[in-house]
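Biologist: Please take me through the pockets of this model, slowly and closely. I would also like to know how the surrounding parts are put together.

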Amino acid sequence: NTATLKVKDAKGNNITDQLTATWDLKNGKWLLTPKDKAKFLDTYKGQKLTVSFNSVVKADALGTLTNTMNQVNNSKGYKSNTVKNNVEPDPKPTKVVVNTDNTNIDKTSISHGQVINYTGTWDLSELANHVFTTQELANVWSFSDDYDQAKVAVDLAGKDAWSVKDAKGNSIKDDVKLAWNADDGSWTITPLDNAKFLNAYKGQKLTVTFKATVKDDATGDLKNSIVQTNDGHGYKTNTVTNHVEPNP
């Protein structure tokens, strides 16, 4: 964003208007030069000026992001140190459906009255070295499911009806809150405190599980997926599918 390029003097005063900014957006470069070289140098000699600008990491960016500045004094160039940031890959939440023996039953048939367990992986693993900003912490971080209430009965009011566990298998339900809408067959889990939760569990893959019972009048295919939301951006899991067996 060209408008974010700012220069401040040693006292923090904005002196950007005393310089000309030349941008080369195609090649990702900018150049600052004093409008009045003599006046500028006489005014600010002996000071350390601060130059800053904002950039937004592109959605398709990968690998390591590096940046170096170059100061030119009397036609001689002096490079700054190089700062580096690894671009975090998008999270990869996953969905599994298992029976009461904990056997994966995706793409198999299920019977009326059968209890199934849906398990989702809440993927925070790529955030291990992330330093969260105030704005990021104010945005939405959640894990949500829109199940087929016409085909399965779900009662999340029960003590053991749902769970959230950390990478070591410890229950962390006390760190989250559940919003459940039985009428439209949906639930959303959010941290009680975004900052505390994310700093405690970044770098981990959390496990979220809830129980469902196949209704007696269910027919056809039963599908389910989960959406993980990081910093307001949604990431959908794979979809698990079961065919409901007709009565004999």
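Modeller: The protein has three helices and 21 strands (DSSP runs numbered from the N terminus, H or I of at least four residues for helices and E of at least two for strands). The model is predicted, so local features need pLDDT of at least 70 and side-chain atom pairs count only at pLDDT 80 or more, while totals for chains, interfaces and linings use all residues. Residues are numbered from 1 along each chain as its sequence is written, and side-chain values use heavy atoms, leaving out hydrogens and water.

A word on the overall form. Along the principal axes, the C-alpha atoms fill a box of roughly 95 × 35 × 30 Å. The radius of gyration is 27 Å, whereas a compact globule of 248 residues would have one near 18 Å (taken over C-alpha atoms, with a globule rule of 2.2 Å times the number of residues to the power 0.38). Buried residues account for 32% of the 248 (under 20% relative accessible area with a 1.4 Å probe, protein chains only). Of the contacts between residues at least 6 apart in sequence, 62% join residues at least 24 apart (heavy atoms within 4.5 Å).

Now to the largest pocket, which holds about 2,100 Å³ of space. A pocket here is an open set of points on a 1 Å grid over the protein atoms alone, where a 1.4 Å probe fits, with protein on both sides within 12 Å along at least five of seven lines; lining residues have an atom within 4 Å of a point. The volume is the space filled by probe spheres set on the points, which are joined across faces, edges and corners. Its lining has 48 residues, and Trp-30, Leu-32, Val-51, Met-69 and Asn-70 are the closest to the centre. Strand E3 (29-34) gives the largest share, six residues. Other elements that supply at least two each include strand E2 (19-24), helix H1 (37-44) and strand E8 (83-86). By type, the lining divides into 24 nonpolar, 19 polar and five charged residues (Ala, Val, Leu, Ile, Met, Phe, Trp, Tyr, Cys and Pro are nonpolar; Asp, Glu, Lys and Arg charged; the others, Gly among them, polar).

The second largest pocket has a volume of about 1,200 Å³. Among its 31 lining residues, Val-57, Val-87, Glu-88, His-130 and Glu-136 lie nearest the centre. Two or more residues come from each of E8, helix H2 (134-138) and strand E20 (233-236). This lining has 14 nonpolar, ten polar and seven charged residues.

Four bridges join E19 to E20 in an antiparallel arrangement (strands pair if DSSP finds at least two bridges between them).

Lastly, a look at Ile-15, in the loop between strand E1 (6-8) and E2. Ile-15 counts as buried because its relative accessibility is 3%. Leaving aside residues up to four places away in sequence, Ile-15 touches Val-7, Lys-8, Asp-9, Phe-40, Tyr-44 and Leu-49.

Key. Buried < 20%, exposed > 50% of the residue type's maximum accessible area, 1.4 Å probe, protein only.
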